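Here's a quick briefing to read with the structure open beside you. Take a look at the model first, then go through the points below.

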Amino acid sequence: MMSTTIPTIFSTDEHISLNPSNNTMICAEQLIGELLEGPSGRIIWGVIQIILMALGDIGNILTLIVLNRRLMRKGGINNLLQGLAISDIVAPTLACIPHIIYYYGPRTNDSAINFINLYVMPLATGATFCSNWIVVTITSFRLTIVLKPLYSQLYCSSRNEKKVLIIIFFFSILSITPYYYYQSHADALNVLKVISAILSLLVPWVICVILWILLLRIVNREIGSKKSREFILHSEIITQRLKSKSRITKMILIICFCNIICQLPVLILTILGLINDNPCGYISAIFFVCLLFLSNLLLIVNHSINFFIYSLTNTKFRCALKIMCRYCYSYYNHRIIQRQMTLATKCDDQQRKGFHQKKLDLYIRSNSKSNDSPPIIITMRLLNNISKQNRKKSGPVAV
């Protein structure tokens, strides 16, 4: 549950000694408050976690773009992977907002942080709920495809994927709605935390472990090294399909394994927080705070790592990503060349205008010897016309 894994920001002015001799005076909240102000908390929560969040958001956005390419639309579990990418964008982004405000916002930000903890963090909890159950659905769909390939088109169709996503989203909304209704009831909130921890963390984690073990055994039996020799007996098309099937299954195994490992510290921290959310004593407080740091980092990593898993394990995804990058690069070069051609055309036009102007000036200068020449030419023509008229009036000269 995100609300139990994201630390509450404390602002305290008292100095707390970390001397082990005062172990009865140290509690987890006090230690968190001092570490948040210290360099270690600033580096982990204020720098590393925000950088991981930004990289994860970029990777998930690229995943959405690649999955909507024509090459990837017909792939299996495409809709589920898109839903997982969206939930992986929402959950860490909302979870890092308190840290950004605390470390980079104004000092008088207690009201903003309290507002975010009350109204925004439940949305992060709902996004984590969606992410965990989508991973469970992806693994179960893949298990169905491997076990019952003839029924896979019936039960694992794109329409059923959309239905499952709608159901998960609906239950995630139901799971966070009571947080807004029972904000002032401490006992009710504790009960809600227990229910949310069971539904959004414990149950999907246990199901993921069971599905991962089953799928791993099936992969070792059906698509392992023993069956790899049988690829030679099939045609090239069937061989490529079998290899693609094994690669997709291995990709989902890696996704499920990363989810199990990254969610384990979060699950332990949630259980300890439900038992005692502020343990006192030097060893207990240090263990709780270290587990809090580790769970937050692994939670961000869990939401950010899927893009790299797809890129390393899925050839089709990698090919679509390369095509998209080449298209963007060629489009960028085309825009640069177009701008250069536009600038060259403007320069040519200016040069042509300047050339014609110079040519006109030379023509005018060549036809006019001085500034007085035009009036002289006009007077000469007038005199010639008058002399011709006089000759006509006088008639022919007698010999």
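What follows covers a surface patch and a few residue contacts.

Keep in mind that this is a predicted model. Leu64 sits elsewhere, in helix H3.

**The nonpolar patch**
- The patch covers about 750 Å² of surface, and its members include Val191, Val194, Ile195, Leu199 and Leu202.
- Val206, Ile210, Leu214 and Leu274 are also among the residues that make the patch.
- Ile198 is another patch member, and its place is in helix H9.
- Ile198 has a relative accessible area of 36%, so it counts as partly exposed, the class between 20% and 50%.

**Trp212 on helix H9**
- Trp212 also has its place in helix H9.
- Its relative accessibility is 21%, so Trp212 counts as partly exposed.
- Beyond its neighbours within four places in sequence, Trp212 touches Thr139, Leu253, Cys256, Phe257 and Ile260.

**Leu64 on helix H3**
- Helix H3 runs over residues 39–67 and holds Leu64.
- Setting aside neighbours within four places in sequence, the contacts of Leu64 are Gln82, Ala85, Ile86 and Ile89.
- Leu64 and Ala85 are 21 residues apart along the chain, and their C-alpha atoms are separated by 6.7 Å.

Terms used: Residues numbered from 1 in each chain as written. Predicted model: local features only at pLDDT ≥ 70, side-chain atom pairs only at ≥ 80, totals over all residues. Heavy atoms only, no water. Patch = residues over 30% accessible without salt bridge, like charges linked within 9 Å, V, L, I, M, F, W, Y side chains within 5 Å. Areas by Shrake-Rupley, 256 points an atom, 1.4 Å probe, with all protein chains shown as cover. Salt bridge = Lys/Arg side-chain N within 4 Å of Asp/Glu carboxyl O. Helix = DSSP H or I, 4+ residues; strand = E, 2+ residues; numbered from the N terminus. Buried < 20%, exposed > 50% of the residue type's maximum accessible area, 1.4 Å probe, protein only. Contact = heavy atoms within 4.5 Å.
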